[in-house]
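Here is a short walk through one protein model. Keep the sequence and the 3D view side by side as you read.

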Amino acid sequence: MKREIITTGDGSKTIQIMDWQEQYHSKHGAIQEAYHVFIKSGLDLFENQEINILEIGFGTGLNAFITLIEFDKRNLKVNYTGVEAYPVSIEELNQLNYLEELKSLSRKSDFDLMHTSPWGDKVEIVENFNLKKEQILFKEISAIAEYDLIYFDAFGARVQPELWTVEIFQIMFNAMKSNGYLVTYAAKGSVRRAMQEVGFLVERLPGPPGKREMLRAKKQ
């Protein structure tokens with residue numbers, strides 16, 4: 001499918017799949033969305049501890065990179081797993097402007113290491129932040145009670161409804177520790193009901209720019 005780099009509403013770039021008219025991040029602002037959904041509504045629930053994070057849809061690495069920028073402000077040690085079935089090409093990554101927009105040019109080596117580290121290997125990006133990328137389908141995740149926080153950032157249910165099913169959320173529920181959280185930009189009723197069916201306690205939160213609501217789910 002044809003892909004192109006577009007500029008989103010906050011000046012940061014993302015990838016758009018033309019056939020689907022679907023973007024890797026919100027067209028209203030890629031960086032704004034990442035901070036609102038995954039940091040403010042997810043990472044900020046944790047401090048002064050070691051946590052395991054699972055990202056569903058590693059994509060451009062934006063969510064992982066922002067987590068890297070933010071984690072030590074909360075005195076965290078992070079073990080980050082990013083799952084991606086179809087990795088983004090280096091050519092596409094080189095066209096993104098996250099380092100500039102995040103005023104983090106000094107961390108270019110960290111960003112590059114995130115993307116050049118071998119798939120399947122656990123790599124220390126910086127002290128207290130480890131990354132493991134897994135090139136598998138979401139339905140192939142087999143972890144049990146391993147993760148404190150899940151960033152669920154799959155393509156939308158409009159274009160990939162099979163990623164927002166009871167089956168997938170059961171896998172997420174199984175992979176999560178008790179009292180863990182899952183955060184996602186999505187707010188559809190069908191998504192909320194699928195989460196509830198597998199046992200999550202789900203709350204609606206104010207959404208990022210361009211969206212009225214988002215969802216956060218807790219495993220009690």
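At 21% relative accessibility, Glu213 counts as partly exposed. The cut-off for buried is under 20%, so a value of 21% falls in the partly exposed class. Keep in mind that this is a predicted model.

Glu213 has a charged partner. Its side chain meets that of Arg212 in a salt bridge, at 3.7 Å from N to O. The limit for a salt bridge is 4 Å, so this pair counts. Arg212 is exposed, with a relative accessibility of 70%.

Why can such pairs form? Side chains of opposite charge can pair when their charged atoms come close. In this model the count comes to 12 salt bridges.

Now turn to Glu92 and Arg3. Their side chains form a salt bridge at 2.8 Å, N to O. Glu92 sits in helix 3 (residues 90–93), while Arg3 belongs to strand 1 (residues 3–7), so the bridge ties together parts that are 89 residues apart in sequence. How accessible are the two partners? Glu92 is buried, at 14% relative accessible area. Arg3 is partly exposed, at 31%.

Next comes a pair within one helix. Lys108 and Asp112 join their side chains in a salt bridge of 2.6 Å, N to O. Both residues lie in helix 5 (residues 108–116). They are 4 residues apart, which means about one helical turn separates them. Lys108 is partly exposed, with a relative accessible area of 43%. Asp112 is also partly exposed, at 29%.

Salt bridges can also link up beyond a pair. Which residues do so here? Asp44, Glu70, Lys73 and Arg74 are linked in a network of salt bridges.

Strands of a sheet pair through backbone hydrogen bonds, either parallel or antiparallel. Which sense applies in this sheet of 3 strands? The pairing is antiparallel, the sheet is open, and the strand order is 1-2-3. Strand 1 and strand 3 (22–23) are the edge strands, and each of them pairs on one side only.

Look at the pairing of strand 1 with strand 2 (residues 13–17). These two strands run in the antiparallel sense and pair over 5 bridges.

How values were computed
Residues numbered from 1 in each chain as written. Predicted model: local features only at pLDDT ≥ 70, side-chain atom pairs only at ≥ 80, totals over all residues. Heavy atoms only, no water. Buried < 20%, exposed > 50% of the residue type's maximum accessible area, 1.4 Å probe, protein only. Pairing = 2+ DSSP bridges.
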